[in-house]
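Subject: Structure for you to look at

Hello,

Here is the structure I promised to hand over. Please open it first, then read on for what was found.

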Amino acid sequence: MTVSLPLVVLLGFFAWGAVKFLGVRTWIVVLIALFGFWLSDTFLAPAIESGTRSGVDIVNGSYD
């Protein structure tokens, strides 16, 4: 069985867990999220996107 889960949902789950169980303050999570939005507008965005895709491909493996 294959389950498709968007990366943003997985990251949101980890952020919720960090706030709930690790005691990370909510404002820190919001600040990091805003930093991600602002970073996506820079010249680094394509490199981050391709690196993320490569990492996901490595984790998923190839089933040809």
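How many aromatic pairs does the structure hold? There are three. Keep in mind that this is a predicted model.

One pair is worth a look. Trp16 and Phe21 have ring centres 5.8 Å apart, and their planes meet at 85°. Planes over 60 degrees apart count as edge-to-face, so this pair is edge-to-face. In general, the distance of the centres and the angle of the planes describe a pair of aromatic rings.

The two partners have these accessibilities. Trp16 has 47% relative accessibility, so it counts as partly exposed. Phe21 reaches 63% and therefore counts as exposed. Both residues belong to one aromatic cluster, together with Phe13 and Phe14.

That cluster leads on to the surface. Phe13, Phe14, Trp16 and Phe21 are among the residues of a nonpolar patch. Leu5, Leu7, Val8, Val9, Leu10, Leu11, Leu22 and Val56 are in the patch too. Together the patch residues have about 1,300 Å² of accessible area. Which helix gives the most to the patch? Helix α1, residues 7-21, does, with nine residues. Val8 is found in this helix. At 64% relative accessibility, Val8 counts as exposed, because the cut-off is over 50%.

Now the overall layout. The protein chain has three helices and zero strands. From the N terminus on, its elements run α-α-α. The C-alpha trace spans about 45 × 35 × 15 Å along its principal axes. The radius of gyration of the chain is 15 Å, whereas a compact globule of 64 residues would have one near 11 Å.

How much of the chain is buried? Buried residues make up 3% of the 64 residues. The chain exposes about 6,000 Å². Carbon and sulfur atoms supply 71% of that area.

Next, helix α3. This helix covers residues 45-60, which is 16 residues. At 1.5 Å a residue, it should span 22 Å. Just after α3 comes Gly61, which takes a positive phi of about 75°.

Where is the salt bridge? The structure holds one, and it joins Arg53 to Glu49. The closest N and O atoms of the two are 2.8 Å apart. Arg53 and Glu49 are four residues apart in helix α3, so about one helical turn separates them. Arg53 is exposed, with a relative accessible area of 53%. Glu49 is partly exposed, at 42%.

Is Ile58 buried or exposed? Ile58 has a relative accessible area of 70%, so it is exposed. Its place is in helix α3. Ile58 and Asp41 are 17 residues apart in sequence. In space they are 26 Å apart, C-alpha to C-alpha.

Best wishes

Technical notes: Residues are numbered from 1 along each chain as its sequence is written. This is a predicted model: local features need pLDDT of at least 70, side-chain atom pairs count only at pLDDT 80 or more; totals for chains, interfaces and linings use all residues. Side-chain values use heavy atoms; hydrogens and water are left out. Rings of Phe, Tyr and Trp (its six-membered ring) pair if their centres lie within 6.5 Å; planes under 30 degrees apart count as stacked, over 60 as edge-to-face and the rest as tilted. Buried means under 20% relative accessible area, exposed over 50%, partly exposed in between (1.4 Å probe, protein chains only). Helices (H or I, at least four residues) and strands (E, at least two) are DSSP runs, numbered from the N terminus. The expected span of a helix is 1.5 Å times one less than its number of residues. Patches are made of residues with over 30% relative accessible area and no salt bridge: like charges are joined within 9 Å, nonpolar side chains (Val, Leu, Ile, Met, Phe, Trp, Tyr) within 5 Å. Accessible areas come from the Shrake-Rupley method with a 1.4 Å probe; for residues, only the protein chains shown count as cover. A salt bridge is a side-chain nitrogen of Lys or Arg within 4 Å of a carboxyl oxygen of Asp or Glu. The radius of gyration is taken over C-alpha atoms; the globule rule is 2.2 Å times the number of residues to the power 0.38.
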